[in-house]
Each structure stands twice: as C-alpha cells, then as structure tokens.
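Dear colleague,

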Amino acid sequence: MTSGDDSVKLDRNKELTPVLYGESGVKILGDSDFPEGLCFCLHWHERMEILYVTRGKLNVQVGSLNVTAEAESVVIIPPGRVHEGHAGKGGAKYFTVMFDIPPFFNRQPASEKYLKPLFLQQTNFLPLTSRPEIVAAVRSVIKEQLSADRCASLAVTGGIYSLIALLYRYAPGDTAPAYSGGNFRDSYRSVGLDLESVEAEDPVESLKKRTSVGTTGNLGIEKDRSWLSALRKRVSDESSRLQSVYSALVPGISEVIL
C-alpha cells in the first residue's frame with residue numbers, strides 16, 4: 001500500500017476475510033436466496049468469482065459497468081475488480097464460485113500464457129454471459145463440488161481449467177488491468193463513488209445503510225466497537241488520573257528544587 005490517502009480509501013473496501021477452499025481449491029456458496037435489495041456491498045479481492053443466477057434478477061456493478069443477470073446467466077468478476085450486487089424485485093437466488101488463481105499454476109506454457117495475466121489483473125472478461133458452454137461449465141463445477149464422490153475435488157480442479165478456457169474463448173473483454181495500483185481516487189470515481197461525501201462518515205453506520213436489513217450482520221462490528229469504546233474510556237480516565245497526580249506533585253517538586 002502506498003503512503004497516499006487514496007490507497008487507504010481503496011484498501012478499506014478490500015475484502016480480507018480468509019477463504020478455506022479445501023481439496024479442490026474452490027469454494028462455493030450455494031443457492032443463496034436474497035430478498036429485494038442489497039446482496040453485497042461494494043468491495044474487491046484478489047480471487048476470482050463467478051455468480052450463477054438460478055432465480056430472479058441480480059443487478060451487479062462490476063467495475064464501471066452495470067449488468068442485470070437473470071436465471072441461467074453468469075456474472076464474471078476477475079481478480080481486483082470492484083463489485084456490488086442488488087437483488088431485483090421479487091429477490092434473487094444465485095451460487096457463488098470463488099477461487100484464487102495461484103493454486104492452479106503449473107509448469108505448462110498455457111499456465112504462463114493464460115493464468116499469469118489473470119493473476120496479475122491484466123486480463124478482463126465480459127461481466128455477463130449466458131453462453132451455454134460457460135453456463136454448463138459453471139453448473140458442472142458446482143455439481144461436482146457439492147457431490148459426495150471421492151474424486152470430486154479432482155473433477156472440480158479440471159473444471160476450473162475448462163471454465164477459464166471457455167471465458168477466454170467466448171467472453172473476452174478488454175486487456176486493460178482491472179486494478180493498476182495507480183490513482184485510487186480515479187478508480188473510485190470510475191464506479192460512481194464520491195470520496196469527499198463519505199470521507200467523514202462513520203464506517204459502521206455506512207455499512208448498515210448499505211444492507212437491506214439495516215444491520216452489519218454477523219461481522220461482530222458492534223461488539224468490537226463497544227469494546228473499543230470501553231478501552232478508550234479507560235485510557236481517558238487513566239490519563240485524567242495521571243494528570244491529576246502530576247498536577248498535585250509539581251508544586252511540591254518545585255518547592256524542593258527551590
């Protein structure tokens with residue numbers, strides 16, 4: 001992270017929650033059912049995510065683009081791309097397929113040609129597709145991951161290679177980096193955020209307003225903030241006590257010196 005203020009603005013929206021992938025190197029959050037409203041706040045991460053919609057409409061902002069994914073369509077979120085999602089009227093259901101790129105590296109030239117640029121955020125894909133081959137590949141990965149077959153993890157690993165190949169084949173986008181590490185303020189403006197308007201806003205209250213239920217969910221932020229407030233009060237009280245002791249001692253010390 002650079003020393004500039006803009007880097008802090010971007011990094012506070014970076015998702016830092018660790019993901020446990022298991023044997024296959026893939027994590028699937030399955031068939032989540034959301035009411036109309038916010039599904040996930042604006043954030044970014046270094047892993048890749050695929051959203052497979054099974055019901056309703058999911059409005060997703062991917063970088064500077066806004067797309068509406070309907071049933072049997074796929075939203076593609078490359079590494080480093082900021083994104084936010086809202087369920088349309090009547091709600092929406094979707095699977096989330098997530099995986100880091102480095103675990104899929106190998107010594108084959110194809111890895112250097114296709115996976116390395118993806119990891120370095122130098123490759124982009126169309127944010128939305130209903131191409132049958134891609135949808136079928138995503139469904140296959142989900143089916144294998146959720147199965148009890150003893151070889152499922154190997155099948156899922158192979159499925160990810162096939163899926164990435166299909167994205168390159170049928171859904172190529174521009175080749176500009178999704179996240180260059182340059183002017184972060186400009187990156188935010190490209191997705192419609194006005195940093196000045198939120199600069200002084202309480203982050204917890206901001207998060208509450210950006211959720212459909214008006215809470216911070218299971219993040220435990222209120223508990224942490226309560227603990228921090230209590231700690232601040234203790235520090236303040238102790239500082240006041242020490243100041244009183246100091247004030248009482250100074251006259252006596254001055255008399256001794258004189």
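**Salt bridges and an enclosed strand**

The count of salt bridges comes to 10. Please note that this is a predicted model.

One of the salt bridges joins the side chains of Lys 14 and Glu 46, at 3.1 Å from N to O. Lys 14 belongs to the loop between helix 1 (5-11) and strand 1 (27-34), and Glu 46 to the loop between strand 2 (37-43) and strand 3, so this pair ties together parts that are 32 residues apart in sequence. Lys 14 is partly exposed, at 24% relative accessibility, and Glu 46 is also partly exposed, with a relative accessible area of 45%.

A further salt bridge is formed by Glu 15 and Arg 47, whose closest N and O atoms are 2.8 Å apart. Glu 15 lies in the loop between helix 1 and strand 1, while Arg 47 lies in the loop between strand 2 and strand 3, so here too the parts tied together are 32 residues apart in sequence. Glu 15 counts as partly exposed at 25% relative accessibility, whereas Arg 47 is buried, with a relative accessible area of 6%.

The side chains of Asp 31 and Lys 93 also meet in a salt bridge, at 3.6 Å from N to O. This pair links distant parts of the chain, with Asp 31 in strand 1 and Lys 93 in strand 6 (residues 83-99), 62 residues apart. Asp 31 is partly exposed, with a relative accessible area of 28%, and Lys 93 is partly exposed at 23% relative accessibility.

I turn next to strand 5 (residues 73-77). Of its 5 residues, 5 are buried, so the strand is largely enclosed by the rest of the structure. Ser 73, Val 75 and Ile 77 point one way from strand 5, and Val 74 and Ile 76 point the other way. Strand 5 pairs with strand 3 (residues 48-62) in the antiparallel sense over 5 bridges, and Leu 51 stands opposite Val 75. Strand 5 is also joined to strand 7 by 2 bridges, and these two strands run antiparallel.

Within strand 7 (residues 128-129), Thr 129 is the bridge partner of Val 74. Thr 129 is buried, with a relative accessible area of 10%. Not counting residues up to four places away in sequence, Thr 129 touches Ser 73, Val 74, Ile 76 and Ile 134. A polar atom of the Thr 129 side chain lies 3.0 Å from the backbone nitrogen of Arg 131.

With kind regards

Conventions: Residues numbered from 1 in each chain as written. Predicted model: local features only at pLDDT ≥ 70, side-chain atom pairs only at ≥ 80, totals over all residues. Heavy atoms only, no water. Helix = DSSP H or I, 4+ residues; strand = E, 2+ residues; numbered from the N terminus. Buried < 20%, exposed > 50% of the residue type's maximum accessible area, 1.4 Å probe, protein only. Polar contact = N/O pair within 3.5 Å; in protein donor to acceptor, adjacent residues only side chain to side chain. Contact = heavy atoms within 4.5 Å. Pairing = 2+ DSSP bridges. Salt bridge = Lys/Arg side-chain N within 4 Å of Asp/Glu carboxyl O.
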